[in-house]
Amino acid sequence: MKALHEYTEELYHCIRCGFCTKVCPVYNTVNREMAVSRGRIRLMREHLDGNLELTPKMMEYLDSCLGCRTCVTNCPPQVPTDEIVRAARTKYAQNQGQPLMRHVMLHNVMNKPERFSKAFGSLKLARTTGLNRLLPKTLKARENLLPNLPERTFKEELKELAIKKSTKKVGFFLGCMDNNLYPQIIRAAINVLERLGYEPVIPTNVVCCGAAHHTYGDMNIGRKLALKNIKVFSNIDADVILTDCATCGSTLQSYGKLFQNQREEAEASNFARKVMDINEFLKGKLIPGDLPVQETVTYHDPCHLVRYQNVKESPRMVLAAAGAKLEEMSEADRCCGGGGTYNIFHYDISMKILDRKIANVKKTGATILATSCPACRIQLAHGIKRHGLSIEVLHPIELLAKSYGNGGEGQAEELH
Ligand code: SF4
Ligand code: SF4
């Protein structure tokens, strides 16, 4: 990945046309020049010209970027603002470190899968005992973002799962969010893959893909995590590594770039080329379900799928195979405001962006809202609760599994 000073040329490509101001969800919410691509580019030019330091105040502006890439796809000279923001965060993190809460999260929890699961276990206990109700208001608001936690993680379930053998093996990356929060999505993926004659090989010694570390510029930990995952899959004989998480998928696909000009680059690029979103893998292989879902479904395009991986049609094809009646919402590919952990650190902006998304969902009259990223799912399910609606949020693969006679045993969302 390039360092900030290597973007000097791209920074001067901005023609100040303002197209980004029409589409940036953050700018449309806070209406401040420093919260849009054009303003951020200006700040970075001033910094590289030696006129501005990377101060905490400047980082506040850069941190408020969701990294949704909407500006990039609408920018005539295609200035890669998301990459420039990330490079600035990396430079700042190298010199100043991370704020305390984020440091703990990135360095002590998310990089250690067992600790991450224990953190969710503690939350479950706090909810059971009612201790979570004692949290201060701002923390309680963040805790409310998380759905009901499952009885067991997917790793625990896997010990008792017998996956059907096949000569057609596919690797499957077990993401932290699906493992800890949504094991039912992975069960559905297994059911669908088995039905189509594939055997998913799911190593449980993988670690976090590093998405949050990349987002906040903690690249050293990001590289360590990447090397572990590459090593795990080097022992698995499969041409493809599937993921049911848009964020994991785009992060794993960026491993080649992460090691650019380093000795691990070839191996990391080889790994990255194998990574594929499960919806995309199913293209051309889909068999319509015997038990069509027959409900009105609307689909939210995760930024990390539609803009980072150019995957737009295949999730809709999965929904069609499941027998769902697709009702497109307006702005289906507009960011939901979740942004991984953006909703934790920028709660108020995030909720305003979410409210617009939910208003669009509501207009469709759908009873199911489908999406292909657990981070979006957390945010969208929270939006559904926040607006008192009764709409189920599911992954397209769960609907397909249901139409194949499996799945549908996820837990209902509740207010805590
Ligand atoms: S759309 Fe691109 S070129 Fe136009 S103002 Fe925004 S960043 Fe600059
Ligand atoms: S990446 Fe998204 S949030 Fe960031 S400046 Fe571009 S449009 Fe705005």
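The second largest pocket lies between domain 1 (4-96) and domain 4 (296-403), because both give residues to its lining. Domain bounds come from an automatic or database assignment. The model is predicted: local features need pLDDT of at least 70, side-chain atom pairs count only at pLDDT 80 or more, and totals for chains, interfaces and linings use all residues. Residues are numbered from 1 along each chain as written, ligands are numbered from 1 in the order written, and side-chain values use heavy atoms, without hydrogens or water.

A pocket is an open set of points on a 1 Å grid over the protein atoms alone, where a 1.4 Å probe fits, with protein on both sides within 12 Å along at least five of seven lines; lining residues have an atom within 4 Å of a point. The second largest pocket holds about 390 Å³, taken as the space filled by probe spheres set on the points. Its lining counts 22 residues, with Met 59, Glu 60, Tyr 61, Asp 63 and His 346 nearest the centre. Helices H3 (25-30), H5 (56-63) and H7 (81-96) each give two or more residues. H5 gives the largest share, six. Helices are DSSP runs (H or I, at least four residues). The lining has twelve nonpolar, four polar and six charged residues.

H3 also belongs to the shell around ligand 2, where H3 and H4 (37-48) each supply at least two residues. Residues around ligand 2 (a heavy atom within 4 Å) include Cys 24, Cys 65, Cys 68 and Cys 71. Seven shell residues are nonpolar, two polar and two charged.

Terms used:
Ala, Val, Leu, Ile, Met, Phe, Trp, Tyr, Cys and Pro count as nonpolar, Asp, Glu, Lys and Arg as charged, and the others, Gly among them, as polar.
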